[in-house]
Every structure is written in C-alpha cells, then in structure tokens.
Amino acid sequence: MHGSGRRVLTDIVSLVRFALDQEDELVPYPDLVEERFEAWLAAQRTAGREFSPEQLRWLDEIADHVAASLAITPDDFQYAPFVQQGGLGKAYELFGDELGSLLDELNEALAA
C-alpha cells in the first residue's frame, strides 16, 4: 500500500475508533500519532532519557512511519526513508541493543 492508500487506512482507523467511542473527537490518525509522540518524548525527558539530534531525527521518522503504516518493525528499515540513511545497521548503531524494545515501546505508545 502506498501514500494515499495508507492515508485512507489510517483515516479509517480514526473513524472506527471514534464510532466505537474510543476517541472523544474525530482527529486524523497522523495528528493523533504526532500528539502521542510529543507526549512520549516529554515523558522520556522527564525520566532523564536524552536523545542525540540524530536519534531524534530517526525517532521522528519512525513516528511518521507509524502514522502512515500503523506500526513499525525492524523489517521496515530496509525501505525508504530508512534504507537511504543506513537502514537497520544504522538504527542499531544509533540505539544499540535498545532498538527492539524501543520499537515495541513506540508501537504501543503511538498506535494505541
């Protein structure tokens, strides 16, 4: 699924959640993910977890991927935009052994 197809899917997710009274207002899914990502980053800072500028750039792109695709897995690093920046190897270089748990944490926090 590319571009507009993904957007339709994520908008359907928002519509279904609204219809099932899981959300108080109808908000585009990418906007919800952005709000959740900002809240997650704030919670990380409060907990004393700091990220480098390059890590933050990758985290932002991971959040964008979740907003478009509903989740992220290590396999997604072999596709754009990640592969052009070094793919899974670069992700491990930036986040080390925490990468797997970080992806799980972001999937849970952003796509909940």
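This is a predicted model: local features need pLDDT of at least 70, side-chain atom pairs count only at pLDDT 80 or more; totals for chains, interfaces and linings use all residues.

Student: Which residues does W40 touch, not counting residues up to four places away in sequence?

Tutor: W40 is one of the buried residues of α2, where buried means under 20% relative accessible area, exposed over 50% and partly exposed in between (1.4 Å probe, protein chains only). Leaving out residues up to four places away, W40 touches R49, F51, L59, L102, E105, L106 and A109.

Student: Which residues touch the most other members of the largest nonpolar core?

Tutor: A nonpolar core is a set of buried Ala, Val, Leu, Ile, Met, Phe, Trp, Tyr and Cys residues joined through side-chain atoms within 4.5 Å. The largest one here has 24 residues, and those touching the most other members are W40, L59, I62, F77 and F95.

Student: At what angle do the axes of α2 and α3 cross?

Tutor: Two packed helices are described by the angle between their axes and the distance between the axes. Axes are lines fitted to C-alpha atoms, for helices over the stretch in contact, and angles run from 0 to 180 degrees between N-to-C directions. Residues including V33, F37 and W40 in α2 meet residues including L59, A63 and V66 in α3. The two axes come within 9 Å, and they cross at roughly 145 degrees.

Student: Is H65 buried or exposed?

Tutor: H65 has its place in helix α3 (residues 53–69). Beyond its neighbours within four places in sequence, H65 is in contact with L70, A71, I72, D76 and F82. Its relative accessible area is 12%, so H65 is buried.

Student: How many salt bridges does a search of the whole structure find?

Tutor: Side chains of opposite charge can pair when their charged atoms come close. A salt bridge is a side-chain nitrogen of Lys or Arg within 4 Å of a carboxyl oxygen of Asp or Glu. Searching the whole structure gives five.

Student: How many residues apart are E98 and R49?

Tutor: The side chains of E98 and R49 meet in a salt bridge (3.4 Å, N to O). E98 is in the loop between α4 and α5, while R49 is in the loop between α2 and α3, so this pair links distant parts of the chain. Their separation is 49 residues.

Student: Which residues do salt bridges that share partners join into one network?

Tutor: K90 and E54 meet in a salt bridge (3.4 Å, N to O); K90 lies in helix α4 and E54 in helix α3, so the pair ties together parts that are 36 residues apart in sequence. K90 also has a salt bridge with E93, with the closest N and O atoms 3.1 Å apart. Through shared partners, the network joins E54, R57, K90 and E93.

Key. Residues are numbered from 1 along each chain as its sequence is written. Side-chain values use heavy atoms; hydrogens and water are left out. Helices (H or I, at least four residues) and strands (E, at least two) are DSSP runs, numbered from the N terminus. Contact means heavy atoms within 4.5 Å.
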